[in-house]
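Hi everyone, thanks for making time this morning. Let me put the structure up, and then I'll walk you through it.

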Amino acid sequence: MDVRNIDEAPPFQTKDGSEIRELLAHRNSCIANQSLAEARIPPGAATIAHYHPLAEEIYYILTGSASMQIGTELRTVGPGDAVAIPPGAVHQITNTGEETLKLLCCCAPAYEHDDTVLCDMPPVSS
């Protein structure tokens with residue numbers, strides 16, 4: 001049985017600039033086709049706009065408030081919100097609150113630096 005506690009997961013920085021703690025993936029468990037990590041973004045900070053050619057992602061907001069942009073759509077998100085990010089969709093999340101934004105990131109296939117392409121964020125439509 002593979003059980004990982006967040007307190008034992010070492011943090012590292014992803015290509016998009018967020019600090020994550022990988023809980024379960026092929027690197028540390030029997031999980032072969034996806035990954036689960038907790039990301040932390042300080043107040044006022046944002047990930048670098050990016051997309052994943054292969055992986056679909058789900059963000060699940062644990063604490064804090066944020067502005068989530070996917071393509072030209074922008075939405076305020078907070079605790080309890082789940083965000084679906086399809087492969088190839090340019091996205092960025094910005095911490096708009098006063099506390100550290102914590103969210104779970106589920107990727108299928110598992111997160112890899114090589115599947116992260118940094119880019120400019122398209123303008124939001126009005």
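Let me start with a definition: buried means under 20% relative accessible area, exposed means over 50%, and partly exposed is in between, with a 1.4 Å probe and protein chains only. Please keep in mind that this is a predicted model, where local features need pLDDT of at least 70, side-chain atom pairs count only at pLDDT 80 or more, and totals for chains, interfaces and linings use all residues. Residues are numbered from 1 along each chain as its sequence is written, and side-chain values use heavy atoms, with hydrogens and water left out.

With that in hand, what about glutamate 38? Glutamate 38 is buried, at a relative accessible area of 8%. Its side chain meets that of arginine 40 in a salt bridge, 2.5 Å from N to O; the term stands for a side-chain nitrogen of Lys or Arg within 4 Å of a carboxyl oxygen of Asp or Glu. Arginine 40 counts as partly exposed, with 22% relative accessibility.

How many salt bridges does the structure hold? There are four, and Glu22, Arg27 and Glu112 are linked in a network of them. Glutamate 22 and arginine 27 meet at 2.7 Å, N to O. Glutamate 22 is buried at 11% relative accessible area, whereas arginine 27 is partly exposed at 41%. Arginine 27 also has a salt bridge with glutamate 112, where the closest N and O atoms are 3.0 Å apart. That pair links distant parts of the chain, 85 residues apart: glutamate 112 is in the loop between E10 and strand E11 (117–118), and arginine 27 in the loop between strand E2 (19–24) and E3. Glutamate 112 is partly exposed, at 31%.

Now to the strands. Strands here are DSSP runs (E, at least two residues), numbered from the N terminus, and two of them pair if DSSP finds at least two bridges between them. Six strands make an open, antiparallel sheet in the order E1-E2-E3-E10-E5-E8. At the edges are strand E1 (11–13) and strand E8 (82–85), each pairing on one side only. Inside the sheet, E3 (residues 35–41) and E10 (residues 101–108) pair over seven antiparallel bridges, with alanine 39 opposite leucine 103 in E10.

E6 and E7 are also an antiparallel pair, with five bridges. Isoleucine 70 has glutamate 73 in E7 as its bridge partner. Their hairpin has two residues between the strands, and glycine 71 takes a positive phi near 60° there.

On a 1 Å grid over the protein atoms alone, a cavity is a set of points where a 1.4 Å probe fits but cannot get out, and a pocket is an open set with protein on both sides within 12 Å along at least five of seven lines; lining residues have an atom within 4 Å of a point.

Which element gives the largest share of the lining of the largest pocket? E7 does, with four residues; strand E6 (66–70), strand E7 (73–77) and E8 each supply at least two.

As for the largest cavity, 18 residues line it, and Asp16, Ser18, Ile20, Glu57 and Cys105 lie nearest its centre. E3, strand E5 (56–63) and E10 each give two or more residues to this lining, and the largest share, four residues, comes from E3.
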